[in-house]
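Dear colleague,

Here is the structure that I promised to pass on to you, with my notes below it. Please keep it open while you read, so that you can look up each residue as it comes.

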Amino acid sequence: MLAILPACTTVVGISPSTTPITSDDSYTVIGHVTGRSTGAIWFFIPTMPDTPSKNARDNAIASRQADGLIEVTEEYTSFSMLLVTFVWTTVEGTAIKIKRGGALGVD
């Protein structure tokens with residue numbers, strides 16, 4: 001009876017940035033973005049991207065043609081039932097365009 005009961009797990013992570021930003025760099029804030037990645041694991045065989053975190057992050061960045069994200073949070077949720085597990089990864093943050101070399105534009 002316990003084998004058919006569903007189970008749910010959620011893990012949340014926080015990061016200041018998805019790309020290194022030095023004191024010589026400047027950036028322009030584009031706005032808030034969200035990226036998602038979903039998938040399932042059937043009979044222990046994954047049917048989702050190999051790296052759901054990277055896929056969700058890349059979806060968020062691509063949605064606004066940004067160079068990176070700041071103020072990033074990631075939520076990873078899985079829901080298991082018997083021999084199938086559903087997985088949802090959501091990355092949220094502030095999209096930015098980066099100018100390397102600071103305000104002077106030195107590359």
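Asp58 forms a salt bridge (a side-chain nitrogen of Lys or Arg within 4 Å of a carboxyl oxygen of Asp or Glu) with Lys54, and the closest N and O atoms of this pair are 2.7 Å apart. Both residues lie in helix H1, residues 52-63, where they are four residues apart, about one turn of the helix; helices (H or I, at least four residues) and strands (E, at least two) are DSSP runs, numbered from the N terminus. Asp58 also forms a salt bridge with Arg57, with the closest N and O atoms 3.4 Å apart, and in this way Lys54, Arg57 and Asp58 are linked in a network of salt bridges. On the scale used here, buried means under 20% relative accessible area, exposed over 50%, and partly exposed in between, with a 1.4 Å probe and protein chains only. Asp58 is partly exposed because its relative accessible area is 29%, Lys54 is partly exposed at 41%, and Arg57 is partly exposed at 27%.

Before going further, please note that this is a predicted model, in which local features need pLDDT of at least 70 and side-chain atom pairs count only at pLDDT 80 or more, while totals for chains, interfaces and linings use all residues. Residues are numbered from 1 along each chain as its sequence is written, and side-chain values use heavy atoms, with hydrogens and water left out.

The structure holds three salt bridges, and one of them joins Arg100 to Asp25, with the closest N and O atoms 2.7 Å apart. This pair links distant parts of the chain, since Arg100 is in the segment after E5 and Asp25 is in the loop between strand E1 (7-17) and E2, 75 residues apart. Is Asp25 buried or exposed? Asp25 is buried, because its relative accessible area is 13%, whereas Arg100, with 34%, is partly exposed.

Now to the sheet. Strands of a sheet pair through backbone hydrogen bonds, either parallel or antiparallel. Here an open sheet of five strands has the order E1-E4-E5-E2-E3, with antiparallel pairing; two strands are taken to pair if DSSP finds at least two bridges between them. E1 and strand E3 (45-46) stand at the edges, each with a single partner strand, so one side of each is left without a neighbour in the sheet.

How many bridges join E2 to E5? There are 16, and the two strands run antiparallel; one of the residues involved is Trp42, whose bridge partner in E5 is Val84. E4 and E5 pair in the antiparallel sense over twelve bridges, and here Glu74 has Val91 in E5 as its bridge partner. Ten bridges join E1 to E4, again antiparallel, and Thr9 stands opposite Ser78 in E4. Ser78 counts as buried because its relative accessibility is 11%. Leaving aside residues up to four places away in sequence, Ser78 touches Ala7, Cys8, Thr9, Thr85, Phe86 and Val87, where contact means heavy atoms within 4.5 Å.

Leu82 lies in the loop between strand E4 (68-81) and strand E5 (84-99). The hairpin of E4 and E5 has two residues between the strands, and Leu82 takes a positive phi near 50 degrees there. Leu82 counts as exposed because its relative accessibility is 59%.

Finally, the aromatic rings. Rings of Phe, Tyr and Trp (its six-membered ring) pair if their centres lie within 6.5 Å, and planes under 30 degrees apart count as stacked, over 60 as edge-to-face and the rest as tilted. By this rule the count comes to two aromatic pairs. Trp42 and Phe86 form an edge-to-face pair, 6.2 Å centre to centre, with 80 degrees between the planes. This pair links distant parts of the chain, with Trp42 in strand E2 (residues 26-42) and Phe86 in strand E5, 44 residues apart. Trp42 is partly exposed because its relative accessible area is 42%, and Phe86 is partly exposed at 25%. Trp42, Phe86 and Trp88 form one aromatic cluster.
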